[in-house]
Amino acid sequence: MPSDWEDEDGLPEDEWSPGEKDLPEDDVGLPEMRPDHEAPRSAPTRPQTIRRRLTAVAAIVVMAVAVVIVLASAGGSSDDKGTGKAAAATTKTTGTAKPESHEVTNATPQANWKPYTGPVPILEYHGLGSPPEGAPDPELYVGRTDFEKQMDWLEEHEYEAVTLEQVQEAWYHKGKLPPKPIVISFDDGYRPQFTFALPNLRKHGWAGLLNLRAEGSELYESNVEAMIAAGWELAAHTINHLDLTELGAEELEEEVAGSRKILQEEFKVPVNNFCYPAGQFDETVIEAVEAAGYTGATTEISGLAEKGKPYELARLEILRETHVGGLAEDLKTGEGETSEAPA
């Protein structure tokens with residue numbers, strides 16, 4: 001569509017006005033040649049000539065810019081459904097635009113990581129913040145300031161958090177880990193694990209391990225998706241958080257295998273690890289965990305996780321009174337206090 005100052009052909013409007021008998025001269029001073037029936041037009045003044053030329057140049061510039069914009073839009077349109085060959089040609093010319101990544105640094109192996117098959121500490125957290133009134137286990141609520149200081153202390157002492165899957169990749173498949181690996185796990189699915197732990201671990205470039213109940217957690221689906229997008233690992237923690245040692249075969253399978261299936265279908269991730277509710281397990285439960293396809297399971301046994309006990313992985317439980325000093329001592333000795341004893 002022409003602009004307000006262009007004719008239907010997209011050119012500047014002609015300012016010549018008919019009525020004069022004398023023919024104007026062209027650029028070299030010769031009279032313009034017109035048919036006899038055409039009314040002659042008066043010669044423009046010098047200012048008019050300059051103005052017309054400037055207007056014509058401006059029109060040409062505008063049209064050139066418009067053409068460039070149209071060509072650029074056509075070449076980079078997200079709706080382009082051309083063949084693979086055409087897409088490849090575009091990539092070669094313009095380069096491939098990488099989507100923005102939300103993963104933290106340690107979600108992928110880093111340059112200084114090396115093969116590692118030794119013991120790895122797994123920290124165990126539950127609630128973060130002050131325990132609500134009437135909470136059955138107030139000792140499980142670690143203060144947020146304490147948590148932040150603990151994470152800072154870990155980094156100052158050169159620990160680097162990774163996922164349990166990354167540990168297993170190093171243990172069993174020749175993968176690599178940082179010099180001082182540690183796994184930071186969170187049970188059940190409390191809301192502050194998303195609102196507080198996620199941004200705090202992100203600050204350090206670390207991913208966490210979320211042991212999530214398939215039903216009844218405080219986390220929204222979008223919260224869990226954001227944690228996974230940051231590089232966190234999602235593990236199953238049953239459906240209803242029952243004592244698995246007291247269940248019959250059918251109910252045991254539902255809680256163990258069923259929780260994995262629910263999380264896999266909802267979040268489209270493998271869910272390779274399991275966490276025993278309240279640390280309760282026996283040989284029958286371990287068999288059910290193996291049969292469900294899990295590669296490992298975490299417990300309430302206090303200590304460091306070891307390669308040779310994939311379904312009895314020990315953890316260091318962090319309690320409200322642990323503080324930084326207690327965390328340092330637990331890591332030094334490989335043992336710590338626990339609020340719940342394993343079967």
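1. The model under review is a predicted one.

2. The pairing of β9 with strand β8 (residues 209–212) is parallel and comprises four bridges. Within that pairing, L210 has L234 of β9 as its bridge partner. Between β8 and β9 the chain passes through helix α6 (residues 221–229), and this β-α-β crossover is right-handed.

3. H237 lies in the loop between β9 and α7 (249–267). Is H237 buried or exposed? Its relative accessibility is 1%, so H237 counts as buried. The side chain of H237 makes a polar contact of 3.1 Å with the side chain of D188. Beyond its neighbours within four places in sequence, H237 is in contact with D187, D188, N211, L212, R213, C275, Y276 and P277.

4. Y276 belongs to the largest nonpolar core, which has 54 residues. Y276 is listed there among the residues with the most contacts inside that core, together with L123, Y125, F147, L154, I184 and W232. Setting aside neighbours within four places in sequence, the contacts of Y276 include H237, L244, F281, V285, I286 and V289. A297, T298, T299 and Y311 are also in contact with Y276.

5. Strand β12 (residues 313–317) has five of its five residues buried, so β12 is largely enclosed by the rest of the structure. L313, R315 and E317 point one way from this strand, while A314 and L316 point the other way.

6. Which strands run parallel to β12? Strand β2 (residues 122–125) is joined to β12 by two bridges, and the two run parallel. In this pairing, E317 of β12 is the bridge partner of E124. Strand β11 (residues 296–302) is likewise joined to β12 by two bridges in the parallel sense. Here S302 stands opposite R315 of β12.

7. In helix α4 (residues 164–173), the buried residues include L164, Q166, V167, Q168, A170 and W171. An α-helix has 3.6 residues a turn, so residues three or four places apart point the same way. K174 follows α4 and has a positive phi, near 60°.

Technical notes. Residues are numbered from 1 along each chain as its sequence is written. This is a predicted model: local features need pLDDT of at least 70, side-chain atom pairs count only at pLDDT 80 or more; totals for chains, interfaces and linings use all residues. Side-chain values use heavy atoms; hydrogens and water are left out. Two strands pair if DSSP finds at least two bridges between them. A crossover is right-handed if, with the strands pointing away from the viewer, the path from the first strand over the helix to the second runs clockwise. Buried means under 20% relative accessible area, exposed over 50%, partly exposed in between (1.4 Å probe, protein chains only). A nonpolar core is a set of buried Ala, Val, Leu, Ile, Met, Phe, Trp, Tyr and Cys residues joined through side-chain atoms within 4.5 Å. Contact means heavy atoms within 4.5 Å. A polar contact is a pair of N or O atoms within 3.5 Å; within protein, one must be able to donate a hydrogen and the other to accept it, and residues adjacent in sequence count only if both atoms are side-chain atoms.
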